[in-house]
Amino acid sequence: MIPYEKLDKIAYGGDYNPEQWPKEVWLEDMEMLKDAGIDIVTLNVFSWASLQPNESTYDFKRLDEIMELVKANGMKVCLATSTAVHPAWMAKKYPDILRVGFDGRKRKFGDRHNSCPNSPTYRKYSVALAEKLAEHYKDYDNIVAWHISNEFGGECYCENCEKAFRVWLQKKYKVIDEVNKVWNTAFWGHTFYDWDEIVAPNLNSEHFEYDRTTFQGISLDYRRFMSDSILECYVSEQDAVKNILPDAAVTTNLMGFYKPLDYFKWAKEMDFVSWDNYPANEDSYAKIAMAHDLMRGIKNGEPFALMEQTPSVTNWLPYNALKRPGVMRLWSYQAVAHGADTVMFFQMRRSIGACEKYHGAVIDHAGSREARVYKEVAALGKELKRIGTKTLGMKTKSEIALMMDWDNWWSVEYSAGPSQNLKYLDEFARFYEVLRNMNYNVDIVSADADFSGYQLVIAPVYYMVKGNDDEKILSFVKNGGTFLTTFFSGYVDEHDLVTIGGYPGKLRDILGIWVEEEDALPEEMENEFSYKGKTYPATLLCDLLHLEGAGQVDDNGYGTDFYKGMPVITKNAFGNGNAYYLATASTEEFYRTFLTDLCEEQGIKPVLETPAGVEVTSRENEKGQLVYILNHNDSETELFLPSAMQDVITGKIHPAGAFQLAAKDVKIMEKV
Ligand code: GLA
Ligand code: ZN
């Protein structure tokens, strides 16, 4: 959990790198940051090389000075362990720490996030550093959280990883014949007789492109193994900190929909989730919201920390457009609206050299308090002080769950066929975005979540049904729930082996259908269908399905081609509930209409109905509910309040009825 006992308001601050600056600048920093309302700094993110100048020496002198400075200025600290870049001397002395890329090339020293997760050197010295830091700084009560490494990620295909992969497989499958079975190695004569015949799947072996493999089984297991290996790095540093500080609140900064790491698994190990939000200016607000909701969803709906965002601009996009005036504030509150209890930036002061010197910062190269960005940061700082503890710890209540699953993401996109355009997140987003655009609160949940609190569970492209997960859905529907899934669902088990007996495999009885074939449409091709008298395009995939107990919901099936007339939307009454199936992809307009109907049928209401571009969410606790109204539009927008509400930031009471919200403005409202 976020360490609320140490917070008296939304924590406001972020990454601070005084080690890049002479000391004279530090004092100026402190004054400017305090004046901007900054009360927390993340320190020590990339300092391993100076903390450990050689194998036997640790030198914390400069960090001590920084810690004292920050403490004397009344700031809280999120202390990082600095293990996201190994020192150059370590790479020279122990090359096992260097990664091997997907192309099979051994890296030399350089870049960051560059350590092999299975390197004995990395494991030994990263844990040692975390432990030494915890020991050294254990008495600083202004440390509110520990930040392990930084943006864990990437992958490695070195010999140590290959060996560790075999051990991981042995643990999972016990005997080599089981591996042969689950990877179906009888195909193309890939039978293994000994564990050490198994090699890492990359361009040197099973892959011909990054996402294209001849054996899905091994590639999928390698992804699971790599996510687990990197997680072990996180856990071993966390354990090192907790051995010394059992009550420490430990986290690492995640990255939203980051494909290589199964964050549902990660979140179970983390005290609280924190993440870095770097949308492109052109991203829809719903897309940004989707990542926030995932970050809340991976830890069962618990609030999270917004660990990083840029106050103004990034440096790594092809076009690094400025956040327009008001957008930093708007997106900060959007994070809070979806469950964040901190608002933090990368970075406090813009550095003068290397690749991030033009990345946005609270303090720019001019060091000016007159800068637009500084002024916006300071204005938000004032507001957050006024809000105080009010929003902290509040939860989001939702009757709709969207199922998201990394194994499904990986396996759908490793699949050779049916369509190169079938992208897991695109299909997921179709559902999320229309629900968000209509202001329904949505929880993003894992396949093994408890569905009992929801009315509607949607599992887009639920291709892989693992273990007995179908039984959970069955009892959810039997007990009155509504389940909705789509084409390319129920095909395989957890090993990506097809469930024989007809698609959608284990979901066939629940859905009451048999999918006999699926037709992949090239981009320029469409079929069509109509629903409640209106015709919509059918795109991407068209299932050819037979009803086996389910009823047809669309008007009269596909409009053209040899499967004209076959059902597109089906509904199967099962127990007290219903299971719906959508056999093709369509337009936003269709999803909006169809999902509105499903929600209405269930009595599920949006938080507030608003004109397009105005986003609304709610968070609540035993004291009450806060409604977040965010105007993403470039112009003032009129909305209607159903009842009188009080603005938490200004204290002003708004009567029921019409209400103007300025462009990019935000209101946090409470019923009066
Ligand atoms: C990431 C990193 C930071 C910084 C920012 C720049 O989130 O964690 O160290 O590089 O990106 O956008
Ligand atoms: Zn490796």
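Let's start at the metal. The zinc ion (ligand 2) has four protein donors: Cys116, Cys156, Cys158 and Cys161, each through SG, at 2.2 to 2.3 Å. Donors here are N, O and S atoms within 2.8 Å of the metal (3.2 Å for Na, K and Ca); water is not among the atoms, so sites may look incomplete.

Keep in mind that this is a predicted model: local features need pLDDT of at least 70, side-chain atom pairs count only at pLDDT 80 or more, and totals for chains, interfaces and linings use all residues. Residues are numbered from 1 along each chain as its sequence is written, and side-chain values use heavy atoms, without hydrogens or water.

Back to the zinc ion. Its site is tetrahedral, with angles of 99 to 117° among the 4 donor atoms. For four donors, that label requires all angles between 85 and 135 degrees. The ideal is 109.5 degrees for four tetrahedral donors.

The donor spacing is C-x39-C-x1-C-x2-C. Cys116 sits in the loop between helix 4 (88–93) and helix 5 (120–136), and Cys156 in the loop between strand 4 (143–147) and helix 6 (159–173). The two are 40 residues apart. Helices (H or I, at least four residues) and strands (E, at least two) are DSSP runs, numbered from the N terminus.

Are these two buried or exposed? Cys116 is buried, because its relative accessibility is 0%. Cys156 is buried too, also at 0%. Buried means under 20% relative accessible area, with a 1.4 Å probe and protein chains only.

Now ligand 1. A polar side-chain atom of Asn150 lies 2.9 Å from an oxygen atom of ligand 1. For Arg112, a side-chain N or O atom is 2.8 Å from a ligand 1 oxygen. Polar contacts are pairs of N or O atoms within 3.5 Å.

How values were computed:
Chains are lettered from A and ligands numbered from 1 in the order in which they are written. Four donors count as tetrahedral if all angles lie between 85 and 135 degrees; four count as square planar and six as octahedral if opposite donors are over 155 degrees apart and all others between 65 and 115; anything else is irregular. Buried means under 20% relative accessible area, exposed over 50%, partly exposed in between (1.4 Å probe, protein chains only). A polar contact is a pair of N or O atoms within 3.5 Å; within protein, one must be able to donate a hydrogen and the other to accept it, and residues adjacent in sequence count only if both atoms are side-chain atoms.
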